[in-house]
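Here is a short report on surface patches, salt bridges and backbone geometry. Please look over the sequence and the model before reading on.

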Amino acid sequence: MVSMAMPPMFAAFKYSDSLRVVGISICTAIVCEAISWVLIYRTNSYKSLRSSIDKAAKKLETMKTDTAKITKKSKTKKIDRVETSLKESSRDLSLFKFKSGAVVALVLFVVFGLLNSLFEGKAVAKLPFKPFGLLVKMSHRGLQGDDSTDCSMAFLYFLCSISIRTNLQKFLGFSPPRGASAGLFPMPDPKTN
Amino acid sequence: MKEGKSAKLNGIQQHQNGHLSPFKFAKLLDPEASWDKDQLGDVLHWIRQAMALVCGLLWGAIPLVGGIWFFIFLVISSGVIYGYYAMILKVDEEEFGGHGALLQEGLFASITLFLLSVCGK
């Protein structure tokens, strides 16, 4: 009876490092989104920028659908104006989020440093395949030995950050608007050259 | 004017304080339902995440070793997404930005979630 109870305990022990990394990542993601909500999402600037991007994107889509049937020079000019307005709003949104995002970046940096000190040189998980190229440099960072399937904390934390934060943002409704594609450095419009 | 299953941009969705109208789960299997671009994108995103989690945990538990299984996961999840929007919902992909736009919804997040779920020790 004792031997039957041991395997589940060993399994939990086996996964304890990776579960700790995942658990810390989940807590970090929640804290980062809370900070983002305080500094970014609840502000009137963000709400108005988001609203204008959504409206411009929808208007642009409607105009492009109509223009497919009827080609008019004035329509093309209107589309250009809406596109320019959309790009400017997207750029303003990116800039706004960038300034407040410095605090979130600091939190992520501190947590990464903490995890690094806890798991330095230790393989926290095993990959089911041998990675190659740049991937092995990241997954095997700081680890001894030649077994490239050993996974370092840095890579696991990277996977956690992307998957958990993206889905948390999506769930809470904080993901970037689909119309916002310009970013901080928008590509020049070929039509204006 | 013929009303297809295209994204209705003229305001059938009621926006109140920036929130969309309540989502009805019956809509998920209804080929006659009309879809907003954002709603369809969200549904496809969550389907991909669910598949990544299930496939990752299952293949990690067996375990299925080798890079080929990662590509098999990509093919299966993309196939399910395509089958869902093209055959079950029967949406016109041109109204939503084409096959590329629909297939890439939640793709990167699902890849990282799959890798996270499949890692063992």
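Which helix gives the most to the nonpolar patch? The answer is α2(A), with three residues. The model is predicted.

## Nonpolar patch

The nonpolar patch on the surface is formed by W37(A), V38(A), L39(A) and V103(A). Together they have about 320 Å² of accessible area.

W37(A) sits in helix α2 of chain A. Its relative accessible area is 42%.

## Positive patch

A patch of positive charge also lies on the surface. Its members are K59(A), K77(A), K78(A) and R81(A). Helix α4 of chain A, residues 73–119, gives the most to this patch. Its share is three residues.

R81(A) is located in helix α4 of chain A. Is R81(A) buried or exposed? R81(A) is exposed, because its relative accessible area of 56% is over the 50% cut-off.

## Salt bridges within chain A

Over all chains, the count of salt bridges comes to seven. One of them pairs R20(A) with D17(A), at 3.8 Å from N to O. Both residues belong to helix α2 of chain A, which spans residues 16–41. They are three residues apart, about one turn of the helix. R20(A) is partly exposed, at a relative accessible area of 43%. D17(A) counts as buried, because its 7% relative accessibility is under 20%.

D17(A) also forms a salt bridge with K122(A). Here the closest N and O atoms are 3.3 Å apart. K122(A) has a relative accessible area of 37% and is partly exposed.

## A bridge between chains

What joins chain B to chain A here? The side chains of D42(B) and K170(A) meet in a salt bridge, at 3.1 Å from N to O. D42(B) lies in helix α1 of chain B and K170(A) in helix α6 (residues 153–172) of chain A, so the pair joins two chains.

The two partners have their own accessibility classes. D42(B) counts as partly exposed, at 28% relative accessibility. K170(A) is buried, because its relative accessible area of 17% is under the 20% limit. Back in chain A, salt bridges that share partners join D17(A), R20(A) and K122(A) into one network.

## Chain B overview

How many helices and strands does chain B have? The secondary structure comes to four helices and zero strands. From the N terminus on, the order is α-α-α-α.

Chain B has 121 residues, and 40% of them count as buried. Chain B exposes about 6800 Å². Carbon and sulfur atoms supply 64% of that area. Now take contacts in chain B between residues at least 6 apart in sequence. Of these, 71% join residues at least 24 apart.

## Backbone geometry in chain B

Most residues other than glycine have a negative phi, and most peptide bonds are trans. Two places in chain B are worth a look against that background.

Where is the cis bond? The peptide bond from I62(B) to P63(B) is cis, with omega near -10 degrees. P63(B) lies in the loop between α1 (37–61) and α2 (68–88) of chain B.

K90(B) is found in the loop between α2 and α3 (98–103) of chain B. At 48% relative accessibility, K90(B) counts as partly exposed, because this value is not over the 50% needed for exposed.

Technical notes. Residues are numbered from 1 along each chain as its sequence is written. Chains are lettered from A and ligands numbered from 1 in the order in which they are written. This is a predicted model: local features need pLDDT of at least 70, side-chain atom pairs count only at pLDDT 80 or more; totals for chains, interfaces and linings use all residues. Side-chain values use heavy atoms; hydrogens and water are left out. Patches are made of residues with over 30% relative accessible area and no salt bridge: like charges are joined within 9 Å, nonpolar side chains (Val, Leu, Ile, Met, Phe, Trp, Tyr) within 5 Å. Accessible areas come from the Shrake-Rupley method with a 1.4 Å probe; for residues, only the protein chains shown count as cover. A salt bridge is a side-chain nitrogen of Lys or Arg within 4 Å of a carboxyl oxygen of Asp or Glu. Lys and Arg count as positive and Asp and Glu as negative; His and the chain ends are not counted. The place of a charge is taken as NZ of Lys, CZ of Arg, CG of Asp or CD of Glu. Buried means under 20% relative accessible area, exposed over 50%, partly exposed in between (1.4 Å probe, protein chains only). Contact means heavy atoms within 4.5 Å.
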